[in-house]
Amino acid sequence: MQSTDSSRMSPQRTSINVERRFPLDLRQSDQAIRELYEDAKRGRWKPDVDIPWGAFNASAHDAATMDAARKVWSRRAWLEYTGLAETPALIIRFCLELDREADPKYFLTVRNTEEAWHVESFHRYAEACGGYLEAPVNPQWQPLFNRGFHRDALDSKRSLDGHVLTHCLFGDGLECALATAWHANTHEPVAREILKRCAEDRERHARFGWLYIERRAALMSEEERATATQMLVSHLEQVELAGAHCVGLATTIDATADVLETDLVASAGMGAVTAQEEVAVFTQYLASCRERLGRIGIDLPLLTHSTLGKI
C-alpha cells in the first residue's frame, strides 16, 4: 500500500537482491514452523463448500443494517487484499536472501492461499448484503490502503526481520484478535462460520511471526533490533493509529459514518463488535505484545494517540 509520506508517494526504485541460489539448503530447520505448514495443509477449507451460504436470510435485516454490513465487509476485503501481493513478495525476499531457512518459505505459500480464501469470503458476504463496494465511499481512506507493503517486503535495504515483526507477528496477531472478538459477538450463521475459519488461520499466521522473531531476536545485534523496532513503530503510528484496522482510532480522517456502520453491524450480530470495543482489542493486544517482546529484548515504546494519549 502507498504511504501517506510524500517521500514514498513519488515513483522510486526498489532494491531487490540478486539471486544466488546455490548451495540450496532445503533441510528442515524449524520443527515448530514446519508443523504450522503441515497444520495448514490439513486444515484446508473451501469457501464455496464449507461456508453455509444458503443459511443467509437477507429478509431478517433492515435496509440500513444491510447497507452497513456491505460496507464493513467490503472494507475487510480491501484490507485482506493487501496480502495477495505482500505475501508473494515476502516469499521472494526469503528466497533471495542468503541463508534464510526453507520452512518459512513453505509456510508463507499456504498463508497466501488462506488470504485468498478470506478475500473471496469477505467479497461474497458483502455481495449477499446488497453488493460489494469496489472503493471507499470516503476517498480519504484510499491512501491508507494503498501503502505498497509488497514493495517494502522486496526492498533489500529494509530489514526482513523488521517486516516479519511488523506484518506477521503484530499485523496477523491483531487481525486474529479482532476476528476472535467479531466471532464471539456474531450469531448470523454465515458470518460466524467465515470468522471462525479466518480466526483459526490468523492464529496460525501470527504464531509463525512469533516463532520466527523469537528465534531471530537472539541473533540480532542491538542495531538490528532497533531497526526492526522502528519499522514496527512507524507502521503503528502511520497505519494502525490512523484507523486502518480499527476505525475508532482514526483522527485525521472523518470516520463518523464508519463508526456508526460498525456499531450497527455489531448490534445485528453480523460479524463485528462496536468501534469502541475494537479500540479496546487493539490497546489490549498492543500491551500484550509490548510485554512479550520485552522478554526477548525488543523494547516497544509507548505510542501517542491524539485522543487516547499514551498507549
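**Charge, fold and aromatic pairs in a predicted model**

The protein chain carries 36 positive and 46 negative side chains, and the centres of the two sets lie 4 Å apart. Lys and Arg count as positive, Asp and Glu as negative; His and the chain ends are not counted. Each charge is placed at NZ of Lys, CZ of Arg, CG of Asp or CD of Glu.

This is a predicted model: local features need pLDDT of at least 70, side-chain atom pairs count only at pLDDT 80 or more, and totals for chains, interfaces and linings use all residues. Residues are numbered from 1 along each chain as its sequence is written, and side-chain values use heavy atoms, with hydrogens and water left out.

Now the fold. The protein chain has 12 helices and two strands. Helices (H or I, at least four residues) and strands (E, at least two) are DSSP runs, numbered from the N terminus. Along the sequence the pattern is α-α-α-α-α-α-α-α-α-α-α-α-β-β.

Next, the overall dimensions. A compact globule of 311 residues would have a radius of gyration near 19 Å, and the protein chain agrees, with 19 Å. The radius is taken over C-alpha atoms, and the globule rule is 2.2 Å times the number of residues to the power 0.38. Along the principal axes, the C-alpha atoms fill a box of roughly 60 × 45 × 40 Å.

Of the 311 residues, 54% are buried. Buried means under 20% relative accessible area, exposed over 50%, and partly exposed in between (1.4 Å probe, protein chains only). Among contacts (heavy atoms within 4.5 Å) with a separation of 6 or more, 84% join residues 24 or more positions apart. The protein chain exposes about 14200 Å², and carbon and sulfur atoms supply 52% of that area. Areas come from the Shrake-Rupley method with a 1.4 Å probe; for residues, only the protein chains shown count as cover.

Turn to the rings. The structure holds 11 aromatic pairs. Among them, Phe170 and Tyr285 form a tilted pair, 5.2 Å centre to centre with 55° between the planes. Phe170 sits in helix 8 (residues 160-184) and Tyr285 in helix 12 (residues 275-294), so the pair links distant parts of the chain, 115 residues apart. Rings of Phe, Tyr and Trp (its six-membered ring) pair if their centres lie within 6.5 Å; planes under 30 degrees apart count as stacked, over 60 as edge-to-face and the rest as tilted. Phe170 is buried, at 1% relative accessible area. Tyr285 is buried too, at 13%. Elsewhere, ring pairs link Phe56, Trp73, Phe122 and Tyr125 into a cluster.

Finally, a backbone detail. Asp99 is not a glycine, yet has a positive phi of about 70°. Asp99 lies in the loop between helix 4 (63-96) and helix 5 (102-128). With a relative accessible area of 77%, Asp99 is exposed.
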